[in-house]
Amino acid sequence: MGSAVAGGWELPDSAGDSPAPVVRGGDKAADRPYLLERVGEAAVVQLYADGFESLPLDQRILVYHLYRAALAGRDIFFDQRYVHNLEMREVLEQILTHADDVDPDTRAKIERYTKLFWINTGPYNNLTARKFVLTCTGEAFLAAAQAAVDGGARFPTRHGETLDVMLTRMLPLFLDPSVDPSVTTKTPGLEEDLLMASANNLYVDVTMDDLESFTEQYALNSRLVKLGDHVVEEVYKLDGKYGEHISRIIKHLEAAIPYATESMAKALKALIRFYRTGEDADRKAYDIAWVQDDASPIDTINGFIEVYMDARGTKGAWEALVYYVNQEKTAEIQVLADNAQWFEDRMPWDPKYRKKGVRGITANAIDVVIETGESGPVTPIGINLPNDQSVREEHGSKSVSLSNVVETYEHATPSGFRTEFSWTPAEATRAERWSRTAGELTTNMHEVIGHASGRLADHLNGNPQAALKEQYSALEESRADLVALYFLPDPQLAEFGLVPVEHHNEIVLAGYEGYARNAITQLRRVRKGTQLEEDHMRNRQMIVRWLMDNTTAIEERVHNSKTFYVITDVTVFQQGVGELLAEVQRVKSKGDYEAAKWLFETYGIHFDADLRDQVVERVDALNLPSYSGFVQPKLDVERDADNTIIDVTISYPQDLMTQMLEYSGNAVGMVRPRGLH
Ligand SMILES: [Zn+2]
């Protein structure tokens, strides 16, 4: 369920063995590069938006204007994340674009650092929040800058400052890990202040104590600055902080309105109004208008949205996404939702726990055209907004799953990851060919018919959490997974058009094999201790270990000191799943805490440290990335003599540096549109 409950983001499994979609357009996908390069622990990957070309022209023009609005705000997030970010970026880009006479070794180090800087929007790792540094010496960096100046670079020196003074001032920002060590510190040391220990630019010299006697008017969209002994609120709005960027965003949003549906135009107008006034009432009006626009084929998220970067969890980081609905994949989700009752009537549990009038939980599958600010180059895979709880309760929310992002993760995963843990080459081939199909189908069933299913005993008053306490979430995730695994082999899926009938058996086997393998490979993420904490991980281990203990469906085999989980019989697997599902549903419906606890204590929580060590060793040898930075598609327009847009085309740069330099106006041979802000 994840984000569907709390709102906000759902993040990908870092190695890419996450739920994955069917990829259509066969040859196209096979021949083109997804993984572009590795930079340290990061992968650089290309995002493709195949459906864009077949959108009608007015929708493509709409996307284009929203795309420009997304780029217009990009530097807001750079500045929010670190007050020195834009200046640092300019120095790095000036060196890299005038590097002919820079020492090659230094240049390589600066290039590597700059790529990580772009991917993470500054010098802080997006997973750990810790600072990373340039690995050359200060002398080498100064020499590189001088060589760049000799080659024509123009550095953003402040008024009256020489280049030497500027670089000397900035050196610790690049080289010293102890200067501003963390962008967000949610659990600071004993004597430390939450806000002072966080290097982001959402607060300037403000402590938590300062805020005790201060009431914010613009909680989500302001920077708080300590001036003398009082706190000043700098509001993000047209005539306030980031006004210059916001005015460009507004200009592009206004250009988009004539091409939008009526309900989307209403939402865009509400967004513009909020950007103008900054008032919370206007933010709320926009949230409502955005949620109510639930049928438009194109959509955008643009503004101060998520609060993860703020240690207080209050200030919104700027982000933008532009996307269109993937009609084909959304239709598959809809088929499941439309037939939710068919599945419910066949759930392998006590009929008294079957629901009457069940409704599937739906989300739109979307393809992203651009993501900037906090959502790019590092992107979520699922989004559920708005975050305002009062709007969610009264007006609902919108969920999207980012199909082309998930597709990219799947394609960029090194095949060695599957081969290493497959018992036979046939299993690895099957995984290569069908794990995407099986993964997408089981993910959809998990969400749409899994979580939506089942009836509770009356005495629980619709609140099983209260009875099942800390076991609830893992139990509920198990239940949804088991529903998906149980129906995966059902011939009715082919009747519904969800699987090609001639490959159904292979898809089932690939799905079951992948599920069993995951119980081993997921151990790589818990490098210390012998206990799983995360609920999805507990659920997946519980199911596999229960099947191993109670059926003959999965066999543990060892070859050359390597452990494998091997599926012996698909039918036995499905029967076992049905049996366990009946028990899990009983436990949930009755709120049987002791039984839930026993299941997870016995099968779901504890693991063997030796097996984990073995898995870690095998995975490390494969050199998997920890996270990925996405190179976005690029849009271009063609205009007629009257300057009217007559076509919008999409292309794929397949190069991080090219795209980043272009975004900031530093591409070689480019006329710079503006200076630093
Ligand atoms: Zn779930």
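## Salt bridges

Glu533 is exposed, with a relative accessible area of 56%; exposed means over 50%, buried under 20%, and partly exposed in between (1.4 Å probe, protein chains only). This residue forms a salt bridge with Arg538, and the closest N and O atoms are 3.5 Å apart. A salt bridge here is a side-chain nitrogen of Lys or Arg within 4 Å of a carboxyl oxygen of Asp or Glu. Elsewhere, salt bridges that share partners join Glu87, Arg158, Glu161 and Arg169 into one network. Side chains of opposite charge can pair when their charged atoms come close.

The structure holds 42 salt bridges. In one of them, Asp50 pairs with Arg32, with 2.9 Å between the closest N and O atoms. Asp50 lies in the loop between β3 (42–46) and α3 (57–72) and Arg32 in the loop between α2 (26–31) and β2 (35–39), so this pair ties together parts that are 18 residues apart in sequence. Helices (H or I, at least four residues) and strands (E, at least two) are DSSP runs, numbered from the N terminus. Asp50 is partly exposed at 27% relative accessible area, while Arg32 counts as buried at 14%.

Another salt bridge joins the side chains of Asp481 and Arg540 (4.0 Å, N to O). The two residues sit in distant parts of the chain, 59 residues apart: Asp481 is in helix α20 (residues 472–487) and Arg540 is in helix α23 (residues 535–550). Asp481 counts as buried, with 9% relative accessibility, and Arg540 as partly exposed, with 24%.

## Model and confidence

This is a predicted model, in which local features need pLDDT of at least 70, side-chain atom pairs count only at pLDDT 80 or more, and totals for chains, interfaces and linings use all residues. Residues are numbered from 1 along each chain as its sequence is written, and side-chain values use heavy atoms, with hydrogens and water left out.

The mean pLDDT of the protein is 91, and 94% of its residues reach 70 or more. Over residues 1–7 the pLDDT is below 50, and this stretch has 21 contacts in the model beyond near neighbours in sequence. The value of pLDDT is the predictor's confidence in each residue, from 0 to 100, and contact means heavy atoms within 4.5 Å. Residues 13–26 also have pLDDT under 50, and the model gives them 43 contacts beyond four places in sequence. Where pLDDT is low, the predicted coordinates should not be read in detail.

## Backbone features in loops

Most residues other than glycine have a negative phi, and most peptide bonds are trans. A cis peptide bond joins Gly376 and Pro377, with omega about 5 degrees. Pro377 is in the loop between β9 (364–373) and β10 (382–385). The peptide bond from Leu385 to Pro386 is also cis, with omega near 0 degrees. Pro386 is placed in the loop between β10 and α15 (389–395).

Asp205, a residue other than glycine, has a positive phi near 60 degrees. Its place is in the loop between β4 (203–204) and α9 (208–212). Tyr242 is not a glycine either, and has a positive phi of about 60 degrees. Tyr242 lies in the loop between β6 (230–235) and α10 (243–256), where this residue counts as buried at 8% relative accessibility.

## Helix α24

Helix α24 (residues 570–590) has 21 residues and reaches 30 Å from its first C-alpha to its last, close to the 30 Å expected at 1.5 Å a residue. The expected span is 1.5 Å times one less than the number of residues in the helix. Buried residues in α24 include Phe573, Leu580, Leu581, Val584 and Lys588.

At the start of α24, a side-chain oxygen of Asp569 comes to within 2.9 Å of the backbone nitrogen of Thr571. Just after the helix, Gly591 takes a positive phi of about 65 degrees.

## Lys634 in strand β15

Lys634 lies in strand β15 (residues 634–639). A polar contact of 3.0 Å joins the side chains of Lys634 and Asp636. A polar contact is a pair of N or O atoms within 3.5 Å; within protein, one must be able to donate a hydrogen and the other to accept it, and residues adjacent in sequence count only if both atoms are side-chain atoms. Leaving aside neighbours within four places in sequence, Lys634 is in contact with Tyr67, Thr649, Ile650, Ser651, Pro653 and Glu662.
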